[in-house]
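Visitor: Please take one part of this structure and look at it closely. I would like a single connected account of what surrounds that part and what touches it.

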Amino acid sequence: MFQKRFRADPVILGSTFVIIAILIVFPFTLLFLNSLKVDGVFTLDNYSTVFQARRNYDALFNSLKLGFFTSLFSILLGAPLAWLVTRTNLPFAKLFKTLFILPYMIPPFVGAIAWSQLLNRRNGYINSWASSLFGLEGHLFDVNTMPGLIWVMTLYLYPFVFITVTGALERMDPTLEEAARTCGSKTLKIMKDITLPLVAPSIAGGALLVFASTIANFGIPALIGMQGRVYVLTTMIFSYMRSRGFTGIAMASSLSVMLMSISVGALLINNLYLKKKQYTLISGKSMRPTTLDLRRWKIPILIFALMVVFVTVIMPFFSITLTSFLDAWGAKITWDNLTLKNYRYILFEYALTKDAFKNSFLLAISAATICMILGSLIAYISVKTKIRGRKALEAVSQLPYAVPGTVVAISMILAWSGKYGINLYNTFWIILLAYIARYVAFAVRTTSASLEQIHPSLEEASRISGGSWLTSLKDIIIPLIRPGLVAGWFLIFMPTLRELTMSILLWGPKTVTIGVAVFEMQEAGYVQISAAFATLLLLIVIVGNLFVKWLTKGKAGI
Amino acid sequence: MSRVVLKNLSKSFGEVNVVNDIDLEIMDHEFLSFLGPSGCGKTTTLRMIAGFDMPSAGEIFIGDRLVSSVEKKVFVPPEDRNVGMVFQNYAVWPHMDVFKNVAYPLKIAKVKATEMRDRVMKVLSLVKLKGMENRYPHQLSGGQQQRVALARALVMEPDVMLLDEPLSNLDAKLREEMRFEIKDIQRRIGVTIIYVTHDQAEAMAMSDRILLLHEASVQQLGTPRELYEKPGNQFVADFIGLINFLTIELTSEGGGISAKFLEANKSKPFRIEFGSKELTEKKQCVLAVRPENVKLVAPGEGYATGKIKKKVYLGNILDYRIELGREVIRVEAPSTTPFDVDQIVGIQFADYVVFE
């Protein structure tokens, strides 16, 4: 009956379920079970052991503290900026809207490298400049502290709040505010009575995203926090794996489950509670809302906006580029101290670079391609068929992106280290599996958005004309969603090319990636070399994003 | 309650004129509609009265107060104009319940709590929402949300109420019901209403007068009857109701004017009212006649002869298409009319208008 009605190829669709089970369900179940097991017996001992160590307790507390303050400051920075670009006559508002999103594009660990160059207490550019200017003894700032972490984290994650609030303000029906005006309300009163209550759920939603991303972030706490002995959950897991190798995995698993619960909890609150409160504010007519005239505040606010761009984008970019041309790190910046030797070294002399580029490109291309194929099948099953379990399939495919990358990596190690017959530890394949598991969510989301646009009658017309399910897929569906597929491919290719969080736990002697290479150089103190590497990476990211924008006519990319 | 006066009101965006030199006086207690196809400038005119759009030229008075003048650099912001406005998409605030929505203007005006409650309850019973004070907008139907919007505009006892296509999001049956209710409320409290719509039936049913706009300019101002029976130009005639246009030729004859159909066969010249002008030469014009004003008579009688191409029985009437040479006209005749398809008939007019 099923076959007659749908004729969808049961082999192809069935194997999708199997692949997702092996790729995602199996490793995550192992992670969960492993955290509850000691010598094959189920127990909660692992969790109590975890908290017997003071440093684990501190790491958890630091994660929560970092998440809370980063969310708070992201609201304080992101929400007013969103209001400025959508509701006032701030000059160049459109340009600022793009500029305020830029930090989102910079890989967080590159931002962390920039800020440790700017603010480290020995020879950070700003500290040296300040002490020569004011004749200070010692240092003005120390980035390797909790406040330093909060500062850098906020600068790279506030765009989440900015984007959600800008979106809500733009979608909000301007007549809601106009109606208040005809009732006799002044602009500031309207903001308080109408605008703010209506966007409050979006502000909270953006802040929860910031919280979840902060908790999950590895690059910033690893490059900035570990030097100052400020550990969070992700870096604590990393240090267990690094110092104890495979034996650290029990502890790492328990911490991973905890990390996962916190970030999934934050996302669940967002999806179950806040999304419902985000009123449908969309209007039929597209009218420009009346904007507030900033009058004499216009110039001071413009200067503030420029400062934000300067601090979040220009200063770090300049710092990294400058460092990459330095001969001796920490010495005075003079013409004699500038050189191209760092680039010569990484491009032509250092074997690791070639490996890193080769591995990362190969991984990113394979992961993007496989994710798109697998993701399209999942999206097709979920949107276009009535197969039982299709919604569960889609939900499971989203899980690895909702949990921190560190957790995904630990699950992969548990599943594919030979205990269950297959040993991929330290190979290219385990990294690829981790990338696919984590990023298939992107593929599902972009493809199902395109598929939902296609009316079922288009496929039915092809079937009536005599095309089989596979022919219809090939001739009708795929050509129609091709732009979505291409955009989705690049949306996976770009972040996997510079991936650090999972790679750092999974790489082996022969499988170094770009992210790992930059990280290891920075950790080893080859500051100029890692800066040169990071500059190249930023160039690739910028060119890649411009390319995606051009390719999708501005619909994807930043 | 006040009158509203527009003097030489214009609005342009760059090179494009959206409202072109409107002069209008809306009387106290009047129900006046701005009617026209989309893009005619009706909504922009309304938004200029509300204060959401700044005129490019001209003046607006509400009551005796000058609220907007480009020349005198006067501009009173919307919140200080004391106008009530009802929006097409209701604009009911989703985070406030019905009571809070309606009480909002009074809260802004710092009205005392007891008086506020009285006034809100009174206006809620006027719009038939009594007992729903504590509901939230998402618990209301579209029609009920529209009543909330109406109540919110009424409660502030505005000088004038502006309604911007308030019924266009409702389904047909509810729309008709609300027409009468709005009209009824207006009669009972006597508020001045300016009503924007693109639906001629709506405008005809509710308005004391209609301002018909097209391509940014006033086409005609008048009562619904005037617009239907004495359309000022071809656009008005065509926009309101059904009408036939026929090409005629006028000549001076025996102290009067006589007309002849140019396209029809066997057209007999007939006397026509055309001002009192003498014509020095022949003149080509357009005769506009509504389908119900065409009479079918025996061939040979009437002004011209035509052939019946189509006949549709619609119960109360017969709907004919009659070929007059190269032109086809539509005729609505009593259902007892004996003529059938392919028959030749004579044509006569009960009423008509001639456009130069």
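Guide: A residue counts as buried if 20 or more other C-beta atoms lie within 10 Å of its own. The model shown here is predicted. With that cut-off, begin with helix 19 of chain A, residues 405-415. Of its 11 residues, 11 are buried, so helix 19 of chain A is largely enclosed by the rest of the structure. The buried residues are G405(A), T406(A), V407(A), V408(A), A409(A), I410(A), S411(A), M412(A), I413(A), L414(A) and A415(A).

Now for chain B, and how chain A is met there. In the contact between the chains, 19 residues of chain B touch 18 residues of chain A. On the chain B side, the elements that give two or more residues are strand 7 (83-86) and helix 2 (98-108). That side has 14 nonpolar, three polar and two charged residues.

Within chain B, a pair of helices can be followed in detail. Helix 3 (residues 113-126) of chain B packs against helix 4 (residues 142-155) of chain B at an angle of about 135°, and their axes are 9 Å apart. Because of that angle, helix 3 of chain B is oblique to helix 4 of chain B. The crossing of these two helices of chain B is right-handed. From helix 3 of chain B come R119(B), V120(B), V123(B), L124(B) and L126(B), which meet A151(B), L154(B) and V155(B) of helix 4 of chain B. By class, this contact has seven nonpolar residues, no polar ones and one charged.

Technical notes
Residues numbered from 1 in each chain as written. Chains lettered and ligands numbered in written order. Predicted model: local features only at pLDDT ≥ 70, side-chain atom pairs only at ≥ 80, totals over all residues. Buried ≥ 20, exposed ≤ 12 C-beta atoms within 10 Å, placed from the backbone. Helix = DSSP H or I, 4+ residues; strand = E, 2+ residues; numbered from the N terminus. Contact = placed C-beta atoms within 7 Å. Nonpolar A, V, L, I, M, F, W, Y, C, P; charged D, E, K, R; others polar. Axes fitted to C-alpha atoms, helices over the stretch in contact; angles between N-to-C directions. Parallel < 35°, antiparallel > 145°, perpendicular 65-115°, else oblique. Left-handed = near helix turned anticlockwise from the far one by under 90°.
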